[in-house]
Amino acid sequence: FRVSHESSVLLDRFLNDAIEVDIDALCDGSEVVIGGIMEHIEEAGIHSGDSACTLPPSSLAHEIQEELRRQTKILTLSLNVIGLVNIQFAVRDGEIYVLEVNPRAARTVPFVSKATARPLAKIAARCMVGQSLAQQGVVQEIVPPYFSVKEAVFPFAKFPGVDPVLGPEMKSTGEVMGVGETFGEAYYKAQLETGSDIPSAGHALISVRTKDQAEVVGIAQYLDSNGFSLAATEGTALALSAVGLAVRLVHKVNEGVPHVLDRIRNNEFDLIINTTASRPNSHKDSLSIRRLALMHNVTYFTTLAAARAACDAHGMLREEVTVNRLQSLHRRIDQTAGNVEVV
(Lines give C-alpha, C1' and ligand atoms only; values in the text may rest on other atoms or scores of the structure.)
Protein backbone atom coordinates (compact mmCIF):
# COMPACT_ATOMS: atom_id res chain seq x y z
CA PHE A 1 0.00 0.00 0.00
CA ARG A 2 1.00 3.63 -0.40
CA VAL A 3 1.02 6.20 2.41
CA SER A 4 0.61 9.84 1.43
CA HIS A 5 -1.69 12.81 1.90
CA GLU A 6 -3.81 11.43 -0.94
CA SER A 7 -3.80 7.83 0.36
CA SER A 8 -3.83 7.76 4.16
CA VAL A 9 -3.79 4.73 6.46
CA LEU A 10 -5.52 4.67 9.85
CA LEU A 11 -3.74 2.64 12.53
CA ASP A 12 -5.70 1.66 15.65
CA ARG A 13 -4.21 0.32 18.88
CA PHE A 14 -6.35 -1.56 21.39
CA LEU A 15 -5.95 -0.43 25.00
CA ASN A 16 -5.98 -3.47 27.26
CA ASP A 17 -7.03 -3.52 30.93
CA ALA A 18 -8.27 0.08 30.98
CA ILE A 19 -11.21 1.62 32.84
CA GLU A 20 -13.57 3.53 30.59
CA VAL A 21 -15.13 6.76 31.86
CA ASP A 22 -18.02 8.76 30.41
CA ILE A 23 -18.45 12.44 31.28
CA ASP A 24 -21.46 14.56 30.38
CA ALA A 25 -20.86 18.29 30.74
CA LEU A 26 -22.64 21.60 30.10
CA CYS A 27 -21.06 24.67 28.52
CA ASP A 28 -22.36 28.16 27.77
CA GLY A 29 -19.27 29.24 25.86
CA SER A 30 -17.31 30.52 28.83
CA GLU A 31 -18.08 28.21 31.78
CA VAL A 32 -18.15 24.42 32.00
CA VAL A 33 -20.11 22.48 34.63
CA ILE A 34 -19.77 18.72 34.89
CA GLY A 35 -23.10 16.92 34.65
CA GLY A 36 -21.76 13.60 35.86
CA ILE A 37 -18.71 11.32 35.88
CA MET A 38 -19.61 7.71 35.11
CA GLU A 39 -17.18 4.85 35.65
CA HIS A 40 -17.86 1.86 33.43
CA ILE A 41 -18.02 -1.56 35.06
CA GLU A 42 -16.75 -3.42 32.00
CA GLU A 43 -13.30 -2.60 30.66
CA ALA A 44 -12.68 -0.25 27.76
CA GLY A 45 -13.38 -2.07 24.51
CA ILE A 46 -16.96 -3.00 25.41
CA HIS A 47 -19.43 -0.72 23.61
CA SER A 48 -20.45 2.06 25.99
CA GLY A 49 -24.12 1.25 25.37
CA ASP A 50 -23.56 -2.32 26.60
CA SER A 51 -21.45 -1.54 29.64
CA ALA A 52 -22.89 -0.93 33.07
CA CYS A 53 -21.69 2.27 34.72
CA THR A 54 -21.81 3.89 38.13
CA LEU A 55 -22.26 7.51 39.20
CA PRO A 56 -20.34 8.59 41.19
CA PRO A 57 -17.33 6.40 40.34
CA SER A 58 -16.72 3.50 42.70
CA SER A 59 -12.97 3.01 42.30
CA LEU A 60 -11.41 6.01 40.51
CA ALA A 61 -8.95 7.92 42.67
CA HIS A 62 -9.85 11.50 43.58
CA GLU A 63 -6.78 12.79 41.72
CA ILE A 64 -7.85 11.01 38.54
CA GLN A 65 -11.35 12.46 38.79
CA GLU A 66 -9.95 15.97 39.23
CA GLU A 67 -7.73 15.55 36.17
CA LEU A 68 -10.71 14.28 34.17
CA ARG A 69 -12.63 17.42 35.15
CA ARG A 70 -9.70 19.61 34.07
CA GLN A 71 -9.34 17.89 30.71
CA THR A 72 -13.09 18.07 30.11
CA LYS A 73 -12.99 21.85 30.57
CA ILE A 74 -10.07 22.28 28.17
CA LEU A 75 -11.58 20.08 25.46
CA THR A 76 -15.06 21.59 25.72
CA LEU A 77 -13.91 25.21 25.56
CA SER A 78 -11.41 24.46 22.78
CA LEU A 79 -14.19 23.02 20.62
CA ASN A 80 -16.47 26.02 21.30
CA VAL A 81 -19.28 23.76 22.50
CA ILE A 82 -22.54 25.46 23.45
CA GLY A 83 -24.87 23.05 25.24
CA LEU A 84 -24.04 19.44 26.04
CA VAL A 85 -20.86 17.50 25.41
CA ASN A 86 -20.05 13.84 26.05
CA ILE A 87 -16.43 12.75 26.41
CA GLN A 88 -15.25 9.17 26.71
CA PHE A 89 -11.94 8.56 28.45
CA ALA A 90 -9.90 5.49 29.28
CA VAL A 91 -7.73 5.26 32.39
CA ARG A 92 -4.89 2.77 32.71
CA ASP A 93 -2.10 2.79 35.30
CA GLY A 94 -2.96 6.36 36.24
CA GLU A 95 -2.67 7.65 32.67
CA ILE A 96 -5.70 9.19 30.94
CA TYR A 97 -6.52 8.63 27.27
CA VAL A 98 -9.19 10.46 25.28
CA LEU A 99 -11.29 8.02 23.25
CA GLU A 100 -13.77 10.43 21.68
CA VAL A 101 -15.42 13.81 22.17
CA ASN A 102 -19.05 14.21 21.09
CA PRO A 103 -20.39 17.81 21.05
CA ARG A 104 -23.97 16.64 21.58
CA ALA A 105 -26.26 14.92 24.04
CA ALA A 106 -25.43 11.25 24.64
CA ARG A 107 -27.67 8.36 25.67
CA THR A 108 -26.37 8.80 29.22
CA VAL A 109 -28.11 12.19 29.67
CA PRO A 110 -31.44 10.78 31.00
CA PHE A 111 -29.53 8.59 33.47
CA VAL A 112 -27.35 11.44 34.72
CA SER A 113 -30.36 13.75 34.98
CA LYS A 114 -32.25 11.26 37.16
CA ALA A 115 -29.19 10.53 39.29
CA THR A 116 -28.35 14.19 39.93
CA ALA A 117 -31.81 15.85 39.87
CA ARG A 118 -30.53 18.22 37.19
CA PRO A 119 -32.42 18.45 33.81
CA LEU A 120 -29.36 18.54 31.58
CA ALA A 121 -31.23 18.68 28.26
CA LYS A 122 -33.34 21.67 29.35
CA ILE A 123 -30.30 23.55 30.66
CA ALA A 124 -28.34 22.82 27.47
CA ALA A 125 -31.19 24.03 25.26
CA ARG A 126 -31.33 27.32 27.17
CA CYS A 127 -27.57 27.73 26.77
CA MET A 128 -28.01 27.28 23.02
CA VAL A 129 -30.47 30.20 22.88
CA GLY A 130 -28.23 32.54 24.84
CA GLN A 131 -28.81 31.95 28.56
CA SER A 132 -25.65 31.45 30.57
CA LEU A 133 -25.24 28.70 33.13
CA ALA A 134 -24.99 31.31 35.88
CA GLN A 135 -28.29 32.87 34.81
CA GLN A 136 -29.88 29.43 35.20
CA GLY A 137 -28.34 28.93 38.63
CA VAL A 138 -26.09 26.12 37.39
CA VAL A 139 -22.67 26.90 38.80
CA GLN A 140 -21.47 23.69 40.46
CA GLU A 141 -21.30 19.98 39.78
CA ILE A 142 -23.67 17.82 41.79
CA VAL A 143 -22.21 14.63 43.26
CA PRO A 144 -25.09 12.62 44.79
CA PRO A 145 -24.72 11.17 48.31
CA TYR A 146 -25.71 7.73 46.94
CA PHE A 147 -24.73 5.46 44.04
CA SER A 148 -26.65 5.06 40.79
CA VAL A 149 -25.89 2.19 38.42
CA LYS A 150 -27.02 2.04 34.79
CA GLU A 151 -27.23 -1.50 33.44
CA ALA A 152 -27.91 -2.64 29.88
CA VAL A 153 -30.78 -4.97 28.97
CA PHE A 154 -30.05 -7.61 26.34
CA PRO A 155 -32.41 -9.62 24.10
CA PHE A 156 -30.24 -12.76 24.04
CA ALA A 157 -32.95 -15.05 25.44
CA LYS A 158 -35.15 -14.25 22.43
CA PHE A 159 -32.38 -14.95 19.91
CA PRO A 160 -30.85 -18.35 20.78
CA GLY A 161 -28.22 -18.18 18.03
CA VAL A 162 -26.69 -14.89 19.20
CA ASP A 163 -23.38 -14.94 21.09
CA PRO A 164 -23.90 -13.05 24.38
CA VAL A 165 -20.23 -12.13 24.73
CA LEU A 166 -19.78 -8.36 24.83
CA GLY A 167 -17.54 -6.42 22.46
CA PRO A 168 -17.29 -3.21 20.43
CA GLU A 169 -20.62 -3.79 18.66
CA MET A 170 -23.69 -2.68 20.63
CA LYS A 171 -26.14 -5.50 21.39
CA SER A 172 -28.36 -4.08 24.14
CA THR A 173 -31.94 -2.98 23.49
CA GLY A 174 -32.64 -1.03 26.67
CA GLU A 175 -31.32 -0.07 30.07
CA VAL A 176 -32.34 0.13 33.72
CA MET A 177 -31.16 2.08 36.76
CA GLY A 178 -30.52 0.94 40.32
CA VAL A 179 -29.90 3.27 43.27
CA GLY A 180 -28.36 2.37 46.62
CA GLU A 181 -26.33 3.65 49.54
CA THR A 182 -23.37 1.56 48.34
CA PHE A 183 -22.17 0.53 44.91
CA GLY A 184 -22.99 -3.10 45.71
CA GLU A 185 -26.59 -2.25 46.61
CA ALA A 186 -27.09 -0.16 43.47
CA TYR A 187 -25.58 -2.85 41.23
CA TYR A 188 -27.71 -5.55 42.87
CA LYS A 189 -30.90 -3.56 42.26
CA ALA A 190 -29.91 -2.95 38.64
CA GLN A 191 -29.42 -6.69 38.15
CA LEU A 192 -32.85 -7.38 39.65
CA GLU A 193 -34.40 -4.96 37.18
CA THR A 194 -32.79 -6.70 34.20
CA GLY A 195 -34.15 -10.04 35.38
CA SER A 196 -30.70 -11.40 36.24
CA ASP A 197 -30.54 -13.52 39.36
CA ILE A 198 -27.38 -13.49 41.49
CA PRO A 199 -27.49 -16.84 43.32
CA SER A 200 -26.84 -16.78 47.05
CA ALA A 201 -24.87 -20.05 47.00
CA GLY A 202 -24.45 -23.21 44.94
CA HIS A 203 -22.03 -24.48 42.32
CA ALA A 204 -19.88 -22.10 40.28
CA LEU A 205 -18.11 -22.95 37.02
CA ILE A 206 -15.08 -20.81 36.20
CA SER A 207 -13.45 -21.07 32.78
CA VAL A 208 -11.34 -18.09 31.77
CA ARG A 209 -8.65 -17.33 29.22
CA THR A 210 -5.01 -17.63 30.28
CA LYS A 211 -4.46 -13.88 30.79
CA ASP A 212 -7.41 -13.75 33.25
CA GLN A 213 -6.41 -16.72 35.41
CA ALA A 214 -4.37 -14.77 37.95
CA GLU A 215 -7.02 -12.06 38.26
CA VAL A 216 -9.92 -14.48 38.69
CA VAL A 217 -8.37 -15.91 41.87
CA GLY A 218 -9.80 -13.15 44.08
CA ILE A 219 -13.28 -13.73 42.67
CA ALA A 220 -12.97 -17.47 43.24
CA GLN A 221 -11.80 -16.93 46.82
CA TYR A 222 -14.85 -14.77 47.51
CA LEU A 223 -17.20 -17.39 46.06
CA ASP A 224 -15.48 -20.18 48.01
CA SER A 225 -15.91 -18.20 51.25
CA ASN A 226 -19.57 -17.45 50.58
CA GLY A 227 -21.25 -20.77 49.99
CA PHE A 228 -20.11 -21.79 46.50
CA SER A 229 -18.31 -24.95 45.49
CA LEU A 230 -15.92 -24.40 42.60
CA ALA A 231 -15.49 -26.23 39.31
CA ALA A 232 -13.16 -25.20 36.51
CA THR A 233 -11.63 -26.28 33.23
CA GLU A 234 -8.01 -27.43 33.33
CA GLY A 235 -6.01 -24.20 33.01
CA THR A 236 -8.25 -22.27 35.39
CA ALA A 237 -8.38 -25.22 37.82
CA LEU A 238 -4.58 -25.29 38.03
CA ALA A 239 -4.46 -21.55 38.80
CA LEU A 240 -7.07 -21.87 41.55
CA SER A 241 -5.56 -25.02 43.05
CA ALA A 242 -2.19 -23.27 43.23
CA VAL A 243 -3.59 -20.87 45.85
CA GLY A 244 -5.15 -23.65 47.92
CA LEU A 245 -8.73 -23.59 46.63
CA ALA A 246 -10.68 -26.83 46.35
CA VAL A 247 -11.68 -27.13 42.70
CA ARG A 248 -13.44 -29.89 40.77
CA LEU A 249 -11.92 -30.42 37.32
CA VAL A 250 -14.38 -30.25 34.43
CA HIS A 251 -13.48 -31.58 30.98
CA LYS A 252 -13.63 -29.41 27.90
CA VAL A 253 -15.66 -30.75 24.99
CA ASN A 254 -12.71 -32.53 23.34
CA GLU A 255 -11.40 -34.05 26.59
CA GLY A 256 -13.98 -36.76 27.17
CA VAL A 257 -17.40 -37.18 28.75
CA PRO A 258 -19.08 -35.96 30.79
CA HIS A 259 -17.70 -32.64 29.56
CA VAL A 260 -18.61 -29.07 30.47
CA LEU A 261 -21.62 -28.88 28.15
CA ASP A 262 -23.03 -32.15 29.53
CA ARG A 263 -22.79 -30.77 33.05
CA ILE A 264 -24.57 -27.54 32.09
CA ARG A 265 -27.34 -29.58 30.45
CA ASN A 266 -27.62 -31.56 33.69
CA ASN A 267 -28.15 -28.28 35.60
CA GLU A 268 -25.05 -28.79 37.74
CA PHE A 269 -24.11 -25.09 37.89
CA ASP A 270 -25.80 -22.06 39.41
CA LEU A 271 -23.20 -19.52 38.26
CA ILE A 272 -20.79 -19.42 35.32
CA ILE A 273 -17.83 -17.08 34.78
CA ASN A 274 -16.46 -17.45 31.27
CA THR A 275 -14.04 -15.28 29.31
CA THR A 276 -12.78 -16.26 25.90
CA ALA A 277 -9.52 -16.12 23.99
CA SER A 278 -9.37 -15.09 20.35
CA ARG A 279 -8.28 -18.53 19.11
CA PRO A 280 -11.01 -20.17 16.96
CA ASN A 281 -11.28 -23.38 19.02
CA SER A 282 -11.37 -21.49 22.33
CA HIS A 283 -14.02 -19.11 21.03
CA LYS A 284 -16.15 -22.00 19.76
CA ASP A 285 -16.04 -23.80 23.14
CA SER A 286 -16.84 -20.60 25.05
CA LEU A 287 -19.70 -19.78 22.68
CA SER A 288 -21.26 -23.19 23.38
CA ILE A 289 -20.96 -22.59 27.14
CA ARG A 290 -22.64 -19.19 26.93
CA ARG A 291 -25.46 -20.43 24.70
CA LEU A 292 -26.25 -23.34 27.00
CA ALA A 293 -26.14 -21.06 30.04
CA LEU A 294 -28.79 -18.91 28.36
CA MET A 295 -30.97 -21.88 27.45
CA HIS A 296 -30.81 -23.28 30.99
CA ASN A 297 -31.24 -19.91 32.76
CA VAL A 298 -27.86 -20.10 34.47
CA THR A 299 -26.47 -16.77 35.67
CA TYR A 300 -23.30 -16.06 33.72
CA PHE A 301 -20.69 -13.32 33.38
CA THR A 302 -18.44 -12.85 30.35
CA THR A 303 -16.12 -10.23 31.89
CA LEU A 304 -14.19 -10.31 35.16
CA ALA A 305 -15.29 -6.74 35.88
CA ALA A 306 -18.94 -7.80 35.89
CA ALA A 307 -18.11 -10.84 38.03
CA ARG A 308 -16.35 -8.62 40.59
CA ALA A 309 -19.33 -6.26 40.66
CA ALA A 310 -21.60 -9.26 41.23
CA CYS A 311 -19.47 -10.22 44.24
CA ASP A 312 -19.99 -6.69 45.61
CA ALA A 313 -23.73 -7.11 45.05
CA HIS A 314 -23.83 -10.61 46.56
CA GLY A 315 -23.69 -9.23 50.09
CA MET A 316 -27.04 -7.52 49.49
CA LEU A 317 -28.77 -10.90 49.25
CA ARG A 318 -28.77 -11.01 53.06
CA GLU A 319 -30.27 -7.52 53.32
CA GLU A 320 -33.81 -6.30 52.86
CA VAL A 321 -34.15 -4.46 49.55
CA THR A 322 -35.43 -0.92 50.03
CA VAL A 323 -37.32 1.12 47.45
CA ASN A 324 -36.58 4.82 47.10
CA ARG A 325 -38.83 7.49 45.63
CA LEU A 326 -36.96 9.65 43.13
CA GLN A 327 -38.33 12.76 44.83
CA SER A 328 -36.90 11.65 48.19
CA LEU A 329 -33.49 11.04 46.64
CA HIS A 330 -33.53 14.45 44.98
CA ARG A 331 -34.38 16.13 48.29
CA ARG A 332 -31.18 14.62 49.69
CA ILE A 333 -29.27 16.21 46.82
CA ASP A 334 -30.84 19.59 47.61
CA GLN A 335 -29.39 19.31 51.10
CA THR A 336 -25.87 18.43 49.92
CA ALA A 337 -25.63 20.23 46.55
CA GLY A 338 -22.69 22.47 45.88
CA ASN A 339 -20.03 20.10 47.15
CA VAL A 340 -17.89 20.44 44.01
CA GLU A 341 -16.83 23.76 42.57
CA VAL A 342 -17.36 24.66 38.93
CA VAL A 343 -14.51 23.50 36.71
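Two strands are taken to pair if DSSP finds at least two bridges between them, and the strands themselves (E, at least two residues) and the helices (H or I, at least four) are DSSP runs numbered from the N terminus. The structure described here is a predicted model, in which local features need pLDDT of at least 70 and side-chain atom pairs count only at pLDDT 80 or more, while totals for chains, interfaces and linings use all residues. Residues are numbered from 1 along each chain as its sequence is written, and side-chain values use heavy atoms, with hydrogens and water left out.

## Strand β4 and its partners

Strand β4, which covers residues 83-92, is mostly covered, since nine of its ten residues are buried, where buried means under 20% relative accessible area, exposed means over 50%, and partly exposed lies in between (1.4 Å probe, protein chains only). Strand β1 (residues 19-27) runs antiparallel to β4 and is joined to it by nine bridges, with Cys27 standing opposite Gly83 in β4. Strand β5 (residues 95-102) also runs antiparallel to β4, and seven bridges join these two strands; here Arg92 stands opposite Glu95 in β5. Strands β4 and β5 form a hairpin with two residues between them.

## Helix α3

Helix α3 spans residues 120-128, and its residues Leu120, Ile123, Ala124 and Cys127 are buried. Seen down the axis of α3, the buried residues fall within an arc of 100°, so they line one face of the helix; the arc is that of the directions from the helix axis to the C-beta atoms. The cover over these buried residues of α3 includes β1, β2 (32-43), β4 and α2 (109-116), contact being counted for heavy atoms within 4.5 Å. Gly130, with a positive phi near 110°, follows α3.

## The parallel sheet

Five strands form an open sheet with parallel pairing, in the order β10-β9-β8-β11-β12. Strands β10 (247-249) and β12 (299-301) stand at the edges with a single partner strand each, so one side of each is left without a neighbour in the sheet. On average, neighbouring strands of this sheet are turned by 25° against each other, direction ignored. Within the sheet, strand β8 (residues 202-207) is joined to strand β9 (residues 228-232) by five bridges, and the two run parallel, with Gly202 opposite Phe228 in β9.

Helix α5 (residues 216-225) lies across β8, β9 and β11 (271-274), and runs at about 140° to β9. Helix α6 (residues 234-241) packs on the sheet and touches β8, β9 and β10, its direction making about 155° with that of β10. For these angles, axes are lines fitted to C-alpha atoms, for helices over the stretch in contact, and the values run from 0 to 180 degrees between N-to-C directions.

## Backbone features in loops

The peptide bond from Leu55 to Pro56 is cis, with omega near -5°, and Pro56 is found in the loop between β3 (53-55) and α1 (62-78). Asp93 has a positive phi although it is not a glycine, and a positive value is likewise found for Asn297, a residue other than glycine. Asp93 is exposed, and so is Asn297. The table sets out these two residues.

| Residue | Phi | Loop | Relative accessible area |
|---|---|---|---|
| Asp93 | about 55° | between β4 and β5 | 76% |

## Pocket and cavity

On a 1 Å grid over the protein atoms alone, a cavity is a set of points where a 1.4 Å probe fits but cannot get out, and a pocket is an open set with protein on both sides within 12 Å along at least five of seven lines, while lining residues have an atom within 4 Å of a point. Grid points are joined across faces, edges and corners, and a volume is the space filled by probe spheres set on the points.

The largest pocket has a volume of about 940 Å³. Its lining consists of 35 residues, of which Phe14, Glu43, Ala44, Gly45 and Ile46 lie nearest its centre. The elements that give two or more residues to this lining are β2, β5 and α9 (304-314), and the largest share, four residues, comes from β5.

One cavity of 30 Å³ or more is found in a search of the whole structure, and about 90 Å³ of space lies in the largest cavity. The largest cavity is lined by 13 residues, of which Ile198, Leu223, Leu271, Ala310 and Cys311 are the closest to its centre. Two or more residues of its lining come from each of α5, β11 and α9, and α9 gives the most, with four residues.
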